Amino acid sequence: MSAPFLDMRRITKTFPGVIALRSVDFSCYKGEVHGLVGENGAGKSTLVKILAGAYRADAGEVYLDGTLRHFDTPRDARRAGIGIIYQEFTLVPTMSVADNIYLGRETVRHGLVDHRRMRREAQAILDRLGCNIDARQMVGQLSVAQQQIVEIAKALSLDARLIIMDEPSATLGGKELDRLFEIMRSLRSSGVTLIYISHRLAEIFEVCDRVTVLKDGELVGTRSVVNTNEAELVRMMVGRQLADVFPSPGVRDGRKIVLRVRNLCCGSLVKD
């Protein structure tokens, strides 16, 4: 197998009174969708924020395409081809799609913003994603799913080679989620590497190639999705078997019943 496109080694990060990450190793290959899972507080967001330049690691090394890199700011990460899409979108509703995509790095011609070129290039990216979005449209008029596509387009406009998606399905469902997965598969086939954070394990098996589990700021392990299952991932995430996490509701322990309600009525709200 070829060398990893992304190789994070022995990453450590502490906050006052908390060890958020303890010597974590994490790697991805080019053109891979890599799932990152763990309970709240496991260290997922901290790890990707270090990669995106939002946090600085206390120790450890980050190699991108075989080169040791240091990302002191988000701009450093963007220049290296790393894009991140947070749960909370960073779009301005009162601006057009094109203006949002190029916000802060507008194309200038003869000292003036070249809106025509920006719209043309933004539309080309949106068309590449196969979505029916007009680059001239105001972002505030778009659905949540469409706004997420604009965030992806923004990352691609930076020539992103690695895109991090932090809980993208939290506000999506049904056909919108299916469309997101189609876009992710298309990006993967074009050689873009994606890191996909989610609490929904079914999605990991739907779209990811491999999955890494963090627990209490430490690496538990990495698995190929074809060689694992939800029960094993849950055990890795919480340290217990699935049956222990979700015990059968029909099991009785023999204790005395302390409350019993029968034939309770409350107008039209509750009856018997």
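Modeller: A residue is buried under 20% relative accessible area, exposed over 50% and partly exposed in between (1.4 Å probe, protein chains only). This is a predicted model, in which local features need pLDDT of at least 70 and side-chain atom pairs count only at pLDDT 80 or more, while totals for chains, interfaces and linings use all residues. Residues are numbered from 1 along each chain as its sequence is written, and side-chain values use heavy atoms, with hydrogens and water left out.

Biologist: What percentage of the 272 residues of the protein count as buried?

Modeller: The protein has 9 helices and 12 strands; these are DSSP runs numbered from the N terminus, helices being H or I with at least four residues and strands E with at least two. Its C-alpha atoms fill a box of roughly 85 × 55 × 40 Å along the principal axes. Of the 272 residues, the share that counts as buried is 43%.

Biologist: Does R10 count as buried, partly exposed or exposed?

Modeller: R10 is found in strand β1 (residues 6–15). Although R10 is not a glycine, its phi is positive, at about 50°. Its relative accessibility is 45%, so R10 counts as partly exposed.

Biologist: Is D159 buried or exposed?

Modeller: D159 follows α5 and is placed in the loop between α5 and β9. It too is a residue other than glycine with a positive phi, about 60°. Because its relative accessibility is 62%, D159 counts as exposed.

Biologist: At roughly what angle do the axes of α4 and α5 cross?

Modeller: Axes are lines fitted to C-alpha atoms, for helices over the stretch in contact, with angles from 0 to 180 degrees between N-to-C directions. For α4 (residues 115–128) and α5 (residues 144–157), the axes come within 10 Å and cross at roughly 115°.

Biologist: Which residues of α5 make the contact with α4?

Modeller: Contact means heavy atoms within 4.5 Å. On α4 the residues concerned are I125, L126 and R128, and on α5 they are A153, L156 and S157.

Biologist: How far apart in space are I163 and I195, C-alpha to C-alpha?

Modeller: I163 lies in strand β9 and is buried, with a relative accessible area of 0%. Leaving aside neighbours within four places in sequence, its contacts include A155, L156, L187 and I195. I163 and I195 are 32 residues apart in sequence, and their C-alpha separation in space is 6.4 Å.

Biologist: How many disulfides does the structure hold?

Modeller: A disulfide is a pair of cysteine sulfur atoms within 2.5 Å. The sulfur of C208 is 9.9 Å from the closest cysteine sulfur, in C28, and is therefore too far for a bond. C208 is buried at 5% relative accessible area, and C131 is buried at 12%. The number of disulfides is 0.
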